[in-house]
Amino acid sequence: MEKYLIKGGRPLKGEVSVSGAKNAALAVLPAALLSGDICKIENVPVVEDIRVLLEAIEDLGVKVNYENNGHTVIMDCRNIEKLVVDYKHINKIRASYYLLGSLLGAYNFSKVALPGGCNIGARPIDQHIKGFKSLGAEVDIKHGMVQVSADKLVGSTVYLDSPSVGATINIMMAACKAEGQTEIENPAKEPHIVDVANFLNSMGANIKGAGTDVIKIKGVSEMHGSEYMIIPDMIEAGTYMVAAAISKGDVTVKNLIPKHMDAVVAKLKEMDVKVEEFGDSLRVYYEEEYKNTHVKTLPYPGFPTDMQPQFVALMSMVSGVGLMTESIFESRFSYTSELRRMGADIKVEGNTAIVTGVDGFTGAEVKATDLRAGAALVLAGLAARGDTVISDIYNIDRGYEHLEEKIKGLGGWIARIDDEKVGLKVVGD
Ligand code: EPU
């Protein structure tokens, strides 16, 4: 099993470029099935979740070709042979559920293994199902598979109990070719909702209002192939911004959309981390001692839950008491016990982590319990005295492209190791 070895204590300095948004790509690639044609998708991040999803898509009969080191994906969706996505492809990625909406929208039928993904809460799909049913589909859940089918889909109004990213995208995809108009009330507004809507529109769909309080989808009878470029990954960008702050360095994070970073920037500034904007870049640097803060995760444009663990790592290194309230996922604090092993002082009460700043982390052997938890541990390792060894890094590979290269490019010390092979000995400070 591969692990990360990180030698901490080096301030990160220089420039890093953000890859394409994983959570946008995970929806855009399934959405291409609605074209029944050839689509060329650029700026696809080369990460494990995408590789697994594309394997599942290929298994449906889509011919997938790659250019530009895997960052451009060409999908020929003209000869779909199968509308069933097996568990073997899907047990590790949550985004499998996007194949439910896209195949349903394109062929009035889909059967997909129930999703896996990061273990951060119960993560039901009742809102997706409510949406499919209101479009006239029958939904049957048996033997770990969800089957959705309809003679024809008819537009309708769907009110989401909570603004679910997955449900919003799935209903948008299913409704593209439905008869009449669909309205999604209380939809999610994340940048990747808008990205997927833009891609669907580029294939001939008629979607208005993505990113606002109501999304209106007028059904169209035909869709077609398209060329599309995925937006930059705001969470990857935010992770490198916190890497700059936690290592007391000076990093310019390039190729991002500053507007998407507003909540993260606001909180960093509140902590006295210096942030400067230059067009499509943000420079983040240390100038004076930071102060602790209170953060609450909320749907976009609120503070993203996917930045919560990374921020808790930063808050742990700042004197005073900070509070982190998680309002999206009920069990997204499991990583705090790993941070405690590195010296953090974090108490979790209900959905709030009470973080008392300590005088630095010390390297330890820790485990990446999920993707963003893994990111938080990498950040803590970069700031720690001594060596940190992170196991279960497959969780990090799911969503961060070329993490080692990017960190090394900023002067950080990180290596992928196989401790059984090299007989690793972890040294203290
Ligand atoms: N929810 C329901 N019923 C549903 C759907 C969601 O109760 O039918 C609840 C969830 O349990 C959760 C809340 O609504 O409490 C929000 O869930 P949402 O559906 O928005 O999340 P998701 O679509 O499962 C995506 C990202 C997550 C990200 C969340 C929130 C993908 C593949 N995943 O998940 O990304 O945390 O939105 O922004 O896009 C990550 O990248 O590390 C990650 C976990």
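**View 1. The loop that holds Asn68 lies between β4 (63-67) and β5 (72-76).** In this predicted model, the phi angle of Asn68 is near 55 degrees, which is a positive value in a residue other than glycine. Asn68 counts as exposed because its relative accessibility is 52%, and the cut-off for that class is over 50%.

**View 2. An open sheet is formed by four strands in the order β6-β7-β9-β8, with mixed pairing.** The edges of this sheet are taken by β6 (84-85) and β8 (138-142), each of which has a single partner strand, so that one side of each is left without a neighbour in the sheet. Strands β7 (residues 109-113) and β9 (residues 145-149) run antiparallel and are joined by five bridges; in the pairing with β9, Ser110 has Val148 as its bridge partner. Helix α4 (residues 97-107) lies across β6, β7 and β9, and runs at about 165 degrees to β7.

**View 3. His143 is found in the loop that links β8 and β9.** The phi angle of His143 is near 50 degrees, again a positive value in a residue other than glycine. With a relative accessibility of 78%, His143 counts as exposed.

**View 4. Tyr300 and Pro301 are joined by a cis peptide bond.** The omega angle of this bond is about 10 degrees, and Pro301 is located in the loop between β18 (294-296) and α10 (308-316).

**View 5. The second largest pocket has a volume of about 380 Å³.** Its lining is made up of 21 residues, of which Ile246, Lys248, Met317, Asp359 and Gly360 are the closest to the centre of the pocket. Helices α8 (234-246) and α12 (371-383) each contribute at least two residues to this lining. By residue class, the lining of the second largest pocket comprises eleven nonpolar, five polar and five charged residues.

**View 6. Lys367 lies in strand β22 (residues 365-367).** Leaving aside residues up to four places away in sequence, Lys367 touches Glu338, Leu377, Ser391 and Asp392. Lys367 counts as partly exposed, because its relative accessibility of 41% falls between the cut-offs of 20% and 50%. From C-alpha to C-alpha, Lys367 and Ser164 are 29 Å apart in space, and 203 residues separate their positions in sequence.

Conventions
Residues are numbered from 1 along each chain as its sequence is written. This is a predicted model: local features need pLDDT of at least 70, side-chain atom pairs count only at pLDDT 80 or more; totals for chains, interfaces and linings use all residues. Side-chain values use heavy atoms; hydrogens and water are left out. Two strands pair if DSSP finds at least two bridges between them. Contact means heavy atoms within 4.5 Å. Axes are lines fitted to C-alpha atoms, for helices over the stretch in contact, and angles run from 0 to 180 degrees between N-to-C directions. Buried means under 20% relative accessible area, exposed over 50%, partly exposed in between (1.4 Å probe, protein chains only). On a 1 Å grid over the protein atoms alone, a cavity is a set of points where a 1.4 Å probe fits but cannot get out, and a pocket is an open set with protein on both sides within 12 Å along at least five of seven lines; lining residues have an atom within 4 Å of a point. Grid points are joined across faces, edges and corners, and a volume is the space filled by probe spheres set on the points. Ala, Val, Leu, Ile, Met, Phe, Trp, Tyr, Cys and Pro count as nonpolar, Asp, Glu, Lys and Arg as charged, and the others, Gly among them, as polar.
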